[in-house]
Each structure stands twice: as C-alpha cells, then as structure tokens.
Amino acid sequence: MTIHIGAKPGEIAETVLMPGDPLRAKWAAETFLEDARCVNEVRGMLGFTGTWRGHRVTIHGSGMGMPSLSIYANELIRDYGAQTLIRIGSCGAMQRHVRVRNLILAMTASSVSTPSTGIFRELNFAPCADWGLLRAAVEAAEARGLSPHVGGIYSADVFYDERPDLNEMMTRHGILGVEMEAAELYNLAARHNVRALAVLTVSDHLLTHEALPAEDRERSFGDMVEIALAAAFPGEV
Ligand code: HPA
C-alpha cells in the first residue's frame, strides 16, 4: 500500500493504462481484460488488474491534471514497479486539419509548468514519448484503419483558460492538441527510465468549437484501449 494506492505488493502489473476517469478504468477493465479485479479504490480512484491475451495489465485512473497524475504515476513506478505507462484520454484540437474524433499520438508534450518544473528550474526539458511504444501505436492504429496524427501536444495547467494568446502560440507552432496530463507522465518516465505514451482522441475543437457527441465517446475510448494494449504488446497485433 502507498499513500494513495491500496493495492498489495504484486497486485499492479508492469503495464499500466491510465485514463483520467476512474469509471472509464472500470469500464475498460470489464470490457477488455480477463479476470479483472479491483486493486485500488482509495479516494474513489479506481485501479483494476487482469490479463489481456495472457499478459498482465493494470488499468488505473490518473485523475485530471498533472498534479493528480503525478501522484499516481510516481507511486505506480516507484512503489509498484510499473514499466510501461500509457495515458488514454481526450484532448482539444489546436489545428484545423485535426478533427473531432481524430486520434493523436503525442510525440512530445509542451507545457508552461508541470509538477517537475521545480526540479528543472531554468532548464527547458523536452518531455517525449517512448519511441518503441509510439511506433507500435502508429502500426496498431493503422491496422485498425485509423490514421493517427503524430506530433507535439500541449499539457495545460487549467481547463478554463484565461490566456488565449498561449493557445494561439501553440497553434502557430504546430501543436496538435491540448490536454492536461501527458507532459508530467513523460517527465516521470524519463526520470525513472520507464516507457510512456499518450494516446488521445479529439473531444473538442478550440478553433471550430465542435465537440464529440456523447454517444461517440465510448467507441473512441474503446479504440484507444485497443491501440494502447496492442502498442504495449506488439507481438499480439
Ligand atoms: N483543454 C484542456 N484539456 C482538455 C481539453 C481542452 O480543451 N479537451 C479535452 N481535454
């Protein structure tokens, strides 16, 4: 047990999928894993461990925003030995050619600040995805007939943003979308020499103001779970 995770030693798999929403973690575990068992419910943050095609997998919520994700990812890596962490979540599109429902695989994650900023101080560290996971996710997406956008995203500190100029700057610099967790996940993966990737579906568009209808959210979420699992275990594609 850690401060925020009630799982016993050995109850967390080396491969962890991290949706923001704990109820999405439950749905994904019940839908895609065999013998899924709840291993954490501290503060209502749910984690489940089961198997996918014989491989042990944990699906654990991250909560919203980098401070929340940082707590869970730190404990999963440092206390439970997680080696591969894949965020599955939504983002807002920041380019016209990126459409609602599209898939984004985050090669890098820019930010104004992250929970690691205090460590980096004057350094502009460039958080990036694990190349092997990224490549395998592209292949898994293409095998499903999807054409993912691959590039930089922006991990923001606030959802209700009062600095439209920053979003414009990101758009001008080719950033594909905005979410709130990936940069810290990539920082932690680098620090602890483990693998990380963020697989994102565009749920809303900052330029056109379109939004993904509720009934499409479950399907896109299911696609992301499948792509994340196939990327983690590429021999199974
Ligand atoms: N901003 C930040 N995070 C998000 C957004 C957004 O527009 N959409 C989905 N996650």
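This is a predicted model: local features need pLDDT of at least 70, side-chain atom pairs count only at pLDDT 80 or more; totals for chains, interfaces and linings use all residues.
**Domain**

The UniProt record, an unreviewed entry, carries the annotation "domain: Nucleoside phosphorylase" for residues 16–215. Over residues 16–215, helix accounts for 32% of the chain and strand for 32%. The end C-alpha atoms of that stretch lie 26 Å apart.

**Helix pairings of H7**

Two packed helices are described by the angle between their axes and the distance between the axes.

| Pair | Axes come within | Crossing angle | Handedness |
|---|---|---|---|
| H4 (residues 131–143) and H7 (residues 214–232) | 8 Å | roughly 130 degrees | right-handed |
| H1 (residues 22–32) and H7 | 11 Å | roughly 65 degrees | right-handed |

Take H4 and H7. Their axes cross at roughly 130 degrees, and the two helices are therefore oblique to each other. On the H4 side, the contact uses Leu133, Ala136, Ala137, Ala140 and Ala141. On the H7 side, Ile227, Ala230, Ala231 and Ala232 meet them. By class, the contact of H4 with H7 has 9 nonpolar residues, with no polar and no charged ones.

Now H1 and H7. The axes of H1 and H7 come within 11 Å. H1 contributes Arg24, Trp27, Ala28 and Phe32 to the contact. H7 contributes Arg217, Glu218, Phe221, Gly222, Val225, Glu226 and Leu229. By class, the contact of H1 with H7 has 6 nonpolar, 1 polar and 4 charged residues.

**Ala29 in H1**

Ala29 also belongs to helix H1. Its relative accessibility is 0%, so Ala29 counts as buried. Beyond its neighbours within four places in sequence, Ala29 is in contact with Ala36, Phe48 and Ile59. The C-alpha atoms of Ala29 and Gly47 are separated by 8.8 Å. Along the chain, Ala29 and Gly47 are 18 residues apart.

**Thr2 before E1**

Thr2 sits in the segment before strand E1 (15–19). Is Thr2 buried or exposed? Its relative accessibility is 15%, and the cut-off for buried is under 20%, so Thr2 counts as buried. Setting aside residues up to four places away in sequence, Thr2 touches Glu75, Asp79 and Tyr80.

Conventions: Residues are numbered from 1 along each chain as its sequence is written. Side-chain values use heavy atoms; hydrogens and water are left out. UniProt positions are given in the numbering used here, feature names are shortened, and annotations may be inferred rather than shown by experiment. Helices (H or I, at least four residues) and strands (E, at least two) are DSSP runs, numbered from the N terminus. Axes are lines fitted to C-alpha atoms, for helices over the stretch in contact, and angles run from 0 to 180 degrees between N-to-C directions. Angles under 35 degrees count as roughly parallel, over 145 as roughly antiparallel, 65 to 115 as roughly perpendicular and the rest as oblique. A crossing is left-handed if the near helix is turned anticlockwise from the far one by less than a right angle, and right-handed if clockwise. Contact means heavy atoms within 4.5 Å. Ala, Val, Leu, Ile, Met, Phe, Trp, Tyr, Cys and Pro count as nonpolar, Asp, Glu, Lys and Arg as charged, and the others, Gly among them, as polar. Buried means under 20% relative accessible area, exposed over 50%, partly exposed in between (1.4 Å probe, protein chains only).
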